[in-house]
Amino acid sequence: MKKQVFNPYLPSYEYIPDGEPHIFNNRLYLYGSHDRFGGTDYCLNNYVCWSAPVEDLSAWRFEGVIYKKEQHPYQVGRNLLFAPDVAKGPDSRYYLYYSVADSGIMSVAVCDTPAGQYQYYGDVHSSAGHVLGSKEGDFFQFDPGIFVDNDNRIFLFSGFCPKAGADEKGRQYVGCHMCELESDMVTVKKGPEIIIDRNTPCPEERKYFEAPSLRKFFGKYYLIYSVRCGGLHYYISDKPDSGFQYGGRIHSTSDVGINGHSIEEPSYPVGNTHGSLIEIQGKYYIFNHRLTNNSSYCRQGVAEQVFFKEDGSIQQVEATSCGLNNGPLKGLGIYPAYIACVLIDHNTYASKTEKQLYTPRITQDGEDRECMPGQYMKGIRSLCVVGYKYFCFQSNSKIRLTIRGKANGQVLVKTGEQEKEACVIPVKVNKEEWEEIEGSFLVKGERCGLFLEFVGEGSFDLLQLEFL
């Protein structure tokens with residue numbers, strides 16, 4: 001890669017959750033929902049697309065708006081464009097599958113190129129013309145995951161399980177279900193059939209919630225899905241339409257299930273999740289998203305390299321700051337504070353409102369925008385830990401932090417959650433302008449974390465860290 005890349009992998013002003021990565025014409029395309037910074041609901045913006053050459057995952061390019069909310073031909077509820085997916089059809093055109101909020105159906109748009117201007121094509125329907133999810137008793141359609149197999153069979157996965165039973169229109173929440181489509185990419189050939197039954201006994205932490213995505217590796221089919229707050233899990237089968245068995249958890253942006261963390265004690269604030277697996281030049285990556293701004297409506301894409309075992313199973317990978325970098329970040333130079341992958345607040349709050357106001361978060365100043373980076377870490381106070389993983393430290397002598405706020409105390413700098421401090425930086429700040437503080441940092445190691453713990457009074461914001 002021409003430069004380093006870290007999480008989140010897109011610019012800090014971009015809020016694209018529900019990422020589905022696909023390779024077309026030797027480029028990696030990222031399709032997802034589009035949150036609005038400061039938004040009060042999910043997916044308030046139009047669909048946009050980003051892409052990168054497969055040989056350089058640091059060189060992301062903004063492809064622009066590919067589909068607008070007003071292009072959907074009829075008004076449904078909030079009329080928001082929820083999580084999409086894209087596949088290349090037998091006619092070499094590209095088909096974008098999406099579900100409008102509150103619709104309970106799946107719709108399709110089509111384009112001649114992967115990231116051009118998509119046009120509405122139709123709603124997924126039976127050969128008799130019945131639109132799936134449009135009447136009482138139908139399966140509720142949600143979070144489409146489209147898959148075209150090597151033999152050109154086309155499978156569309158769906159399913160949402162917010163509660164038992166049905167919605168107010170009588171559409172059933174049954175689990176994950178699947179349809180096989182005709183070559184026109186919109187007419188049902190077979191199904192829908194239940195693939196993961198919501199009533200199948202299993203531990204609560206691995207129950208299917210939403211976000212099905214089917215991928216194929218080593219001749220096996222991997223059905224990636226989301227549990228409510230515990231990350232991305234998968235089922236595995238020798239067939240694309242049946243026989244799926246639970247495999248395990250792949251990734252949690254809060255490290256739930258790894259490194260001693262749980263939903264009750266996460267390494268980063270928990271929230272919903274959605275993503276998928278892809279092979280890029282012989283390596284495998286999981287794409288996912290994290291929340292920011294202490295809100296589920298400001299989510300950003302993250303990615304990690306994953307590793308398959310000989311039996312085809314996948315071991316869970318931890319959340320890191322280096323992500324697509326294929327190794328630790330260099331332990332010299334300047335890094336933005338927003339690439340933190342650990343954010344722990346041990347404070348107790350009297351109410352959700354108080355926590356919303358005072359718990360630290362990654363945020364930005366100003367309104368939602370499509371340019372100008374500017375995220376930073378806001379509200380670091382005592383009993384909070386901000387962490388970064390991983391760096392390669394070889395010739396370090398100092399660490400410098402750029403901060404602002406009203407605080408008096410010290411920052412303990414550690415290389416691991418349970419390690420002793422490598423240095424202590426005094427903090428005495430009382431102004432709104434950014435200023436620098438620093439301390440000696442004589443650390444060496446090929447794969448080191450960096451954890452900042454403030455001890456003192458008041459709070460401060462963190463813009464960047466610099467290793468010298």
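Select Tyr297 first: this residue is partly exposed, with a relative accessible area of 26% (buried means under 20%, exposed over 50% and partly exposed in between, with a 1.4 Å probe and protein chains only). The model is predicted, so local features need pLDDT of at least 70 and side-chain atom pairs count only at pLDDT 80 or more, while totals for chains, interfaces and linings use all residues. Residues are numbered from 1 along each chain as its sequence is written, and side-chain values use heavy atoms, with hydrogens and water left out.

Tyr42 and Tyr297 form an edge-to-face aromatic pair, 4.8 Å centre to centre with 85 degrees between the planes. Rings of Phe, Tyr and Trp (its six-membered ring) pair if their centres lie within 6.5 Å; planes under 30 degrees apart count as stacked, over 60 as edge-to-face and the rest as tilted. Tyr42 lies in the loop between β2 (27-31) and β3 (47-53), and Tyr297 in strand β19 (residues 295-306), so the pair ties together parts 255 residues apart in sequence. Strands are DSSP runs (E, at least two residues), numbered from the N terminus.

Next, select Phe160 and Tyr173. Their ring centres are 6.0 Å apart and their planes stand at 90 degrees, so this pair is edge-to-face. Both Phe160 and Tyr173 are buried.

Now display the open sheet of four strands, with the order β5-β6-β7-β8 and antiparallel pairing (two strands pair if DSSP finds at least two bridges between them). Its edge strands, β5 (85-88) and β8 (119-123), each pair on one side only. Strand β7 (residues 107-111) is joined to β8 by four bridges, and Val110 stands opposite Gln119 in β8.

Continue to the largest nonpolar core. Such a core is a set of buried Ala, Val, Leu, Ile, Met, Phe, Trp, Tyr and Cys residues joined through side-chain atoms within 4.5 Å. Of its 38 residues, Tyr388, Leu401, Leu450 and Leu462 touch the most other members. β28 (445-467) is one of the elements that give two or more residues to this core, and β28 gives the most, with eight.

Centre the view on Leu462. Leaving aside neighbours within four places in sequence, its contacts (heavy atoms within 4.5 Å) include Ala337, Tyr376, Tyr388 and Trp434.

Finish at Tyr376, where Arg404 lies over the face of the ring, at 4.8 Å from the ring centre. A charge sits over a ring if NZ of Lys or CZ of Arg is within 6 Å of the ring centre and within 35 degrees of the ring normal.
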